[in-house]
Amino acid sequence: MARVASLFLPSWPTDRLRRKAGEAASPAETPLVLIGHDGRRQVVRAADASSIAAGARVGMSAAKARILVQGLVVRDHDAAADAQGLDRLALWALRRYAPIVAADSPDGLVIDSTGADHLLGGEEAMLAGLIDRLSSSGVRARAAIADSWGAAHALARYAGRPALIAPLGHGGSVLTGLPLAALRLPADMVAALHVLGFERIGDLLAQPRAPLTLRFGPQLGRRIDQALGILSEPIEPIRPDELIEVKRNFAEPIGAAETIARHIGELVVQLCAGLEAEGLGAKRLDLICHRVDDRVQAVRVGVAMPVRDVKRLTRLLTDKIDTIEPGFGIETLSLAATLAEPLAEKQTLTAMVDDGAPDVSDLVDTLVNRVGERSLYRAAPVATETPERSVRRIPPMAPDTGATWQGRWPRPSRLLPSPEPIETMAALPDHPPVAFTWRGVRRRVRRADGPERIRGEWWRSDAELTAVRDYFRVEDDAGERYWIFRSGDGEDPNSGSQRWFLHGVFG
């Protein structure tokens, strides 16, 4: 079943204006409205959150808005620039989130995330990352994922939650409490329905369809069926001019996995030829299958480094064939390199040349496309003495910077996610414990080495100005070695709680 995400940008025109390079529109907290002409009148076309809170509304006369809102900043509304900005945002989302993205004018995007969200850690992680990225750029957003474009559009705009994920196969249950405007109906139709006593979508779903169609025409029923997923609503994905894409139309629809795999291989050959002509290598491929029932199936695969190896790309795509539901048949296949980077020609190695470093990128690509890019990483050192901050995750094929862990004291091969409290018997302040209990097992200490004193990083917070940890390496009667520490110097209560913790296990 398809899953569609709708991104709602409630203050897109004003947010875009504030982000515009070189535009000193106003500070974020200053009320801002954009005005346009309605005949001879100047009216508010868009308003930010500050101006709305002060009483301004879209459609209000500009003169009234100036009277109501103190310190109001007024700018001309440029609808064409807003649409262009929304298209640029759609292209950004296309390259990072899903193969099928389109502008949902005038205030959002629609994203078919089927077959791509697993690469980003799932639907919840994808939505959170999308909203966080936009928020860090000064763009407020809400988002929802549902089984249809209509349902996702309604939930993003009227459910009142920053991020909402409707359960798979939800039907009309998630829509019943939403207002009629959530169905994307004309304002005059919504007003006429209100006169008849209809307030919520659930009120319409409980009524026979024929009388409603007779009075309001087919549009009302079509919007209801689109929201329920009964009637398909194709998304026409945005495509940049420089996109390298190949297509194949079929006189007779195809559906067998073997047939789809054969045509994928042929498309990959054509795509790699186009990439070679431009001196590029693909980092992300999108396969879009247009079915005869006007529905679309999409597959996205990514690679760690730019490649145009026909066999590798074909294998990655054909591994995903089981996720394609051909339905009554596929009439068009398109394959695009939505993310490509320069790729120089490489000398082929001979038996007389020792490469020295094995190429594991093929294995990395296979694993990433199965478990998602967030699930595969390698550890890199961080220049800090605090153990839990000394490691960060980086992509598995990220270049080696040559950074290493500094210090003469050994570190455990296994560091616990967070220090675990232990019960100890110790002679304070400078001696290690003679015994400790961890996870219900008492261990007697035979040998110990320490203390290694680690101080807090004072620039992070005031609490770390005087924070101290004294670490010891200890060995018990069974020969097992542990890394334990006392929080504090054993005397000054401001240096720590003076409690003991186990932080790691040596191999």
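The model is predicted. Its largest pocket has a volume of about 870 Å³. An open sheet of 3 strands and a closed barrel of 6 strands are described below, along with helices α1 and α10.

**Largest pocket**

- The volume of the largest pocket is about 870 Å³.
- The lining counts 30 residues, and those closest to the pocket centre are Leu119, Arg284, Glu373, Arg374 and Pro395.
- By type, the lining divides into 18 nonpolar, 10 charged and 2 polar residues.
- Three helices, α4 (79-96), α5 (123-136) and α13 (361-371), each give the lining at least two residues.
- Strands β10 (280-291), β11 (296-307) and β14 (391-394) also supply at least two residues each.

- β2 (residues 32-38) runs parallel to β4, and 4 bridges join the two.
- Within that pairing, isoleucine 35 has aspartate 76 of β4 as its bridge partner.
- Helix α1 (residues 12-19) lies across β2, β3 and β4. Its direction is at about 115 degrees to β2.

**Helix α10**

- Helix α10 covers residues 218-228.
- Its buried residues are Leu220, Gly221, Arg223, Ile224, Asp225, Gln226 and Ala227.
- Two of these, Arg223 and Asp225, are charged residues.
- Glycine 229 follows α10, and its phi is positive, near 85 degrees.

**Closed barrel**

- The barrel has 6 strands in the order β15-β16-β17-β18-β19-β20.
- Pairing in the barrel is antiparallel.
- β19 (residues 481-487) pairs with β20 (residues 500-505) over 5 bridges, in the antiparallel sense.
- Isoleucine 484 stands opposite leucine 502 of β20.

Conventions. Residues are numbered from 1 along each chain as its sequence is written. This is a predicted model: local features need pLDDT of at least 70, side-chain atom pairs count only at pLDDT 80 or more; totals for chains, interfaces and linings use all residues. Side-chain values use heavy atoms; hydrogens and water are left out. On a 1 Å grid over the protein atoms alone, a cavity is a set of points where a 1.4 Å probe fits but cannot get out, and a pocket is an open set with protein on both sides within 12 Å along at least five of seven lines; lining residues have an atom within 4 Å of a point. Grid points are joined across faces, edges and corners, and a volume is the space filled by probe spheres set on the points. Two strands pair if DSSP finds at least two bridges between them. Contact means heavy atoms within 4.5 Å. Axes are lines fitted to C-alpha atoms, for helices over the stretch in contact, and angles run from 0 to 180 degrees between N-to-C directions. Buried means under 20% relative accessible area, exposed over 50%, partly exposed in between (1.4 Å probe, protein chains only).
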